[in-house]
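Hi there,

I am passing along a structure for you to look at. Please open it first, and then read my notes beside it.

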Amino acid sequence: MKLRKQVTVCGGAIFCVAVFSLYLMLDRVQHDPARRQSGGNFPRVRVMTLSAAFIIMLDVYSLLKFDNPDGGVWKQGFDITYEPNEWDNEPLQVFVVPHSHNDPGWVKTFDKYFTDQTQHILNNMVVKLAEDPRRKFIWSEISFFSKWWETADVHKQEAMRKLILGGQLEIVTGGWVMTDEANAHYFAMIDQLIEGHQWLESNLGITPCSGWAVDPFGHSATMPYLLKRANLTSMLIQRIHYSIKKHFASTRNLEFMWRQAWDMGSNTDIFCHMMPFYSYDVPHTCGPDPKICCQFDFKRLPGGRINCPWKVPPKTIVEANVAERAQLLLDQYRKKSKLYRSKVLLVPLGDDFRYDKALEWDQQYINYQKLFDYMNSHPEMHVQAQFGTLTDYFNAVYKTNGVAQGSRPAGYPVLSGDFFAYADREDHYWTGYFTSRPFYKSMDRVIESHLRGAEILYSLAVANARHAGMAGRYPVSDYSLLVDARRSVGLFQHHDAITGTAKENVVIDYGTKLLRSLIGLKRVIINAAHFLVMKNKEFYRFYQTEPFLETVNANFTYKKQTDLYLVMFNPVERERLCAVTVLVNTVRVRVLTEDGQTLPVQLSAQWSSASQMSAEVFEATFMVRLPPLALAVFHLYDSPDSPMTLRSDTLLRLSGRGVAARAVDPLPVRSQQADSQTFYISSQSLTLGFSGTTGLLEVLKVQMQFMVYGTRPSKDKSGAYLFLPDGKAKPYHQKEPPVVRVVEGPLFSEVVAHYQHFQQTIRIYNVPGVDGLSIDITTMVDIRDQTNKELAMRLVTDIQSGEVFYTDLNGFQMQPRQHYLKLPLQANFYPMPSQAYIQDGNYRLTLHTAQALGVSSLESGQLEVIMDRRLMQDDNRGLGQGLKDNKKTANRFRLLLERRSASNKMTDSATTSFPSVLSHMTNAMLNHEVLALPILPKRRGIPPLQTFAPLKSILPCDLHLVNLRSIQSQQDPLSPSPYTALILHRLALDCNFEAQNLGFNCTTTQGQVRVETHTQDKTTLLFRMIRGLFCSIFKFSCIVISVICNFFLSCLMTFKKK
């Protein structure tokens, strides 16, 4: 994505099993001090500990004023000077790194970009790099590269392979896309990284060394961890708040070892380079003066389609001007190098979709080579300049400092924390995209859950089929559907896709690809479930045109006078006791378990409006106990004798405006005039109070409010990227009081409040275990008739949280935040991919979310979430559109209140905090719903079925199964190999909360796992090659996932299906 101008070969994340140990660490570590370097003219800065050995980003935020004085030619920086003789003893090494940033969708669709530009870039690359072995280039997006490879002939493929193996072309990061780091969940971040690395390993036999992220809008601490565990040794980042860049430049801390805040050692360290200036385009990469740097972007030579906005054009390099031009450029190189600790300089040379014309390759490479030749042939200039790759630069830094690749050079700082929120100028904070287009953010998470479930079931089914000698009868070809879904989900992690910052037609294209993938994933799931639940596999028959099951997430319609067998899939690795709702067209429904036990059923109305219920369809809710990762079979049928089918009690609270309750026999509905008195619903674990006036939650320490933000009246307004409110939020108000529906029953009770622009359902389950301990919240938002408005949900409590709150990074770890009055309101919002909480010494209130949204805590005891945004104008960041394609969107949450144990005071450090075991499980169950798979009626009858439960013992409570991913064949990428990747994540836990009845036994093994111990005999074949705890890594490299870790255990990766 392009900004508007500002005038004034190592290991790979391929496939693995990773099991590891984590320890809760709450004490701070003392680090060795490091010396400061000096030289030249730098502003005086109050440094504290920030230029010493350890930098904590929370401390940086506390220190900085976040002002924006005019820095001269470097508008957001300061004047840089140097002594001419500083390089006499050690010449400056300059690596100019040509690149082309290719967005897989933004103002054009992925396919349109490829057709119009990307294919030409890669075609030209093959020809132009081969013309001179001194030419170098880097490439990042494997989604584009793989598409080009598929269309290239064998000669082009071989020429490209030669360039890569010869070191002229480097693949950096190697992910399917350059992923967004704010909204993306770590499951998808890992998956797109694996997909890209698998493609590279299969087609080119390479794995990346260095990470390159020039365009994500802020940077998460999760990304360096994943890159490190993918065996990358170095990384580069760009979009950082301009005040932070200035501070790091002034203290020469733009290169550092990025360490996880919870790492007590240095296991997670990765060397990171931060670009110092405004953008990654040529005017902002050679040095501090964009007016001069633009003169060395030779695509802008006079006569071309673009020029320099500073009105001084580039000049073709000839013998008559090369001395003057080289000296002018070297001055910028020297000034930029003063911001770093070594005398090695990185100078990116590129921009969005650059080098699509053969002419630009000649313009850039020929003119720069003349400059390099002149510089290098004049020893008095004390410079060695050349084209290079990103890893060429990093290797030179390591060599200069006398350390091994990826090691910490002496005197370089260690940093922990993240880089949100991003501002590129003034008070223009890029915090709007945390919420933009929530419909697609929600859709992404639903498909991620389906992808994970399909991967697990497919791997188990294929392993069982091979073991039974039935691989030829099972639809192994479903693997192509998995590949398509992986790549569609991976594509959507792009930093202009999940962010909601693409043009409307591009968003539709992403959505179409995701929907197609969802349909394919459902097919994978039902085919795998069909095979696995067959009691006698000899009866198994697969017919492409006659599926055995169909898939519906939770709601489907059971038709009267037919027996229905229903398979329930529990995609989480925990036993699950939960309420499941299905739609039926009879009130006499009866539900039996596999062994014939009758289950209690709560029968409720299906509502077509606030006060109108359906006469044909009803909701039947029943409680099921599902083993971990299991497929369980249930039987539904119409029975005149249904003593365990109980009806919900429904009350409509009306305002007297003419709305009347319309009951349908046999589901009576009571109505009453609404009053201001608090009313309640309760379960065995919770009692909730609601405002009689608003119908919104107002007790259990929580008052719920809905607020509205406008946008500024000036020229700078909120858009897809920016959040520029017109002041504090105002209370949401509508003229008519809401219709409030209260439903109570034996399994669940709920309150539904109907407002003009949203409908909120708050439900509590009367079941033991995890599902009964939190509040289920669904808010259906529809602001399509609004203009420049943003709707927020605010939770107000008496928790004494002060200015501190906590948000997650990518669903992977928690990051403490602080509300700063010195920052504008919009700067205090952060991404919330999965949860946020506030706490004091007695309570913690956690809001779990099933979709990424923006969150803040603007006052002590508050949490505030932006639910949707409708904005009528562009915010001048290149998109050229507002946000006017809003859809009716269901935002889903779980609200969890936990009390700290009387003997345990709050022990979170300033930099670390962790969810409880209950919180982890609540989040998993919110994001991975039970899938209901009805068995379609068969003319030959239903064959004998049985529950499929792959685990014979429970996994430790602190282990999460991230994925069970079948690896592609080397011969055919659309077919599976005999290998499967098991990815485990040991969760960090805060154990200082009162114990709750989780509904199952909770154990831990301190991170040690014997897979054979947990798998059923029929599934053990999948894991047979794992003999014990400490296994050697073989065949492929390993990606490991942890929070708070001490890697005394780093175990096997791939195992073979026999």
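Below is what I found, grouped by topic. One thing to keep in mind throughout is that this is a predicted model.

Let me start with the rings. The structure holds 58 aromatic pairs. In one of them, Phe 145 and Trp 149 have ring centres 6.4 Å apart and planes at 25 degrees; with under 30 degrees counting as stacked, this pair is therefore stacked. These two residues are four apart in helix 3 (residues 142-151), which means that about one helical turn separates them. Both Phe 145 and Trp 149 are buried.

Tyr 732 and Phe 758 make an edge-to-face pair, with 5.2 Å from centre to centre and 65 degrees between the planes. Here the pair links distant parts of the chain, as the partners are 26 residues apart. Tyr 732 is in the loop between strand 26 (730-731) and strand 27 (739-744), while Phe 758 belongs to strand 29 (residues 758-765). Tyr 732 and Phe 758 are both buried.

Ring pairs also build a cluster, whose members include Phe 137, Phe 296, Tyr 355, Trp 361 and Phe 387. The charged end of Arg 341 sits over the ring of Tyr 412, 6.0 Å from the ring centre, and that of Lys 537 sits over the ring of Phe 531, at 5.2 Å from its centre.

In soluble globular proteins, nonpolar side chains tend to be buried together. The largest nonpolar core has 236 residues, and those touching the most other members are Phe 145, Phe 248, Tyr 333 and Phe 419. Helix 14 (residues 504-533) gives the most to this core, with 14 residues. Apart from this core lies another of 33 residues, including Val 587, Ala 610, Ala 620 and Leu 626.

What is Phe 248 in contact with, leaving aside its neighbours within four places in sequence? Among them are Ile 55, Met 57, Val 60, Met 274, Leu 415 and Phe 419.

Five strands form an open sheet in the order 16-15-19-13-40, with antiparallel pairing. Met 568 stands opposite Ala 632 of strand 19.

Asp 972 lies in the loop between strand 41 (959-968) and strand 42 (976-986). Its relative accessibility is 34%, so Asp 972 counts as partly exposed. The side chain of Asp 972 is joined to that of Ser 975 by a polar contact of 2.8 Å. Asp 972 and Ser 202 are 770 residues apart in sequence, yet 9.5 Å apart in space, C-alpha to C-alpha.

The other is Ser 683, in the loop between strand 23 (679-682) and strand 24 (687-690). Is Ser 683 buried or exposed? Ser 683 has a relative accessible area of 14%, and is therefore buried. Beyond its neighbours within four places in sequence, Ser 683 is in contact with Ile 764, Tyr 765 and Asn 766.

Methods:
Residues are numbered from 1 along each chain as its sequence is written. This is a predicted model: local features need pLDDT of at least 70, side-chain atom pairs count only at pLDDT 80 or more; totals for chains, interfaces and linings use all residues. Side-chain values use heavy atoms; hydrogens and water are left out. Rings of Phe, Tyr and Trp (its six-membered ring) pair if their centres lie within 6.5 Å; planes under 30 degrees apart count as stacked, over 60 as edge-to-face and the rest as tilted. Buried means under 20% relative accessible area, exposed over 50%, partly exposed in between (1.4 Å probe, protein chains only). A charge sits over a ring if NZ of Lys or CZ of Arg is within 6 Å of the ring centre and within 35 degrees of the ring normal. A polar contact is a pair of N or O atoms within 3.5 Å; within protein, one must be able to donate a hydrogen and the other to accept it, and residues adjacent in sequence count only if both atoms are side-chain atoms. A nonpolar core is a set of buried Ala, Val, Leu, Ile, Met, Phe, Trp, Tyr and Cys residues joined through side-chain atoms within 4.5 Å. Contact means heavy atoms within 4.5 Å. Two strands pair if DSSP finds at least two bridges between them.
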